[in-house]
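Please open the model in your viewer and keep the selection tool at hand. The tour below moves from one selection to the next and says what is there.

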Amino acid sequence: MKTYITIPEAAVKWGVSAQQVRRSCEKARINGVMRLSRLWLIPEDAILPPELEYAAVRHISS
């Protein structure tokens, strides 16, 4: 059974803001993402989208 995480959980996991993760979900940049009513479900094993890599590195070094 595949497990999913929410936007806030993905943001913490990847070290970026929840808004950045939400935008990636809306643009379908995350493989396997699903929307259930107002809730985005992100596969637990999803990888950080390439456009967020810079934001994650910048966030960590701040």
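Begin by selecting Met34, which stands opposite Leu41 in β3, a strand being a DSSP run of E with at least two residues, while helices are DSSP runs of H or I with at least four residues, both numbered from the N terminus. Before going further, note that this is a predicted model, in which local features need pLDDT of at least 70 and side-chain atom pairs count only at pLDDT 80 or more, whereas totals for chains, interfaces and linings use all residues. Residues are numbered from 1 along each chain as its sequence is written, and side-chain values use heavy atoms, with hydrogens and water left out.

Now widen the selection to β2 and β3, which pair in the antiparallel sense over three bridges; two strands pair if DSSP finds at least two bridges between them.

Next, select Ile42 in strand β3 (residues 39-43). Ile42 has a relative accessible area of 0% and is therefore buried (buried means under 20% relative accessible area, exposed over 50%, partly exposed in between, with a 1.4 Å probe and protein chains only). Beyond its neighbours within four places in sequence, Ile42 is in contact (heavy atoms within 4.5 Å) with residues including Tyr4, Trp14, Cys25 and Val33. From Ile42 to Cys25 the C-alpha to C-alpha distance is 8.3 Å, although 17 residues separate them in sequence.

Finally, go to Ser24 in helix α2 (residues 18-26), which counts as buried because its relative accessibility is 3%. Leaving out residues up to four places away in sequence, Ser24 touches Arg29, Ile30, Pro49, Glu51 and Leu52.
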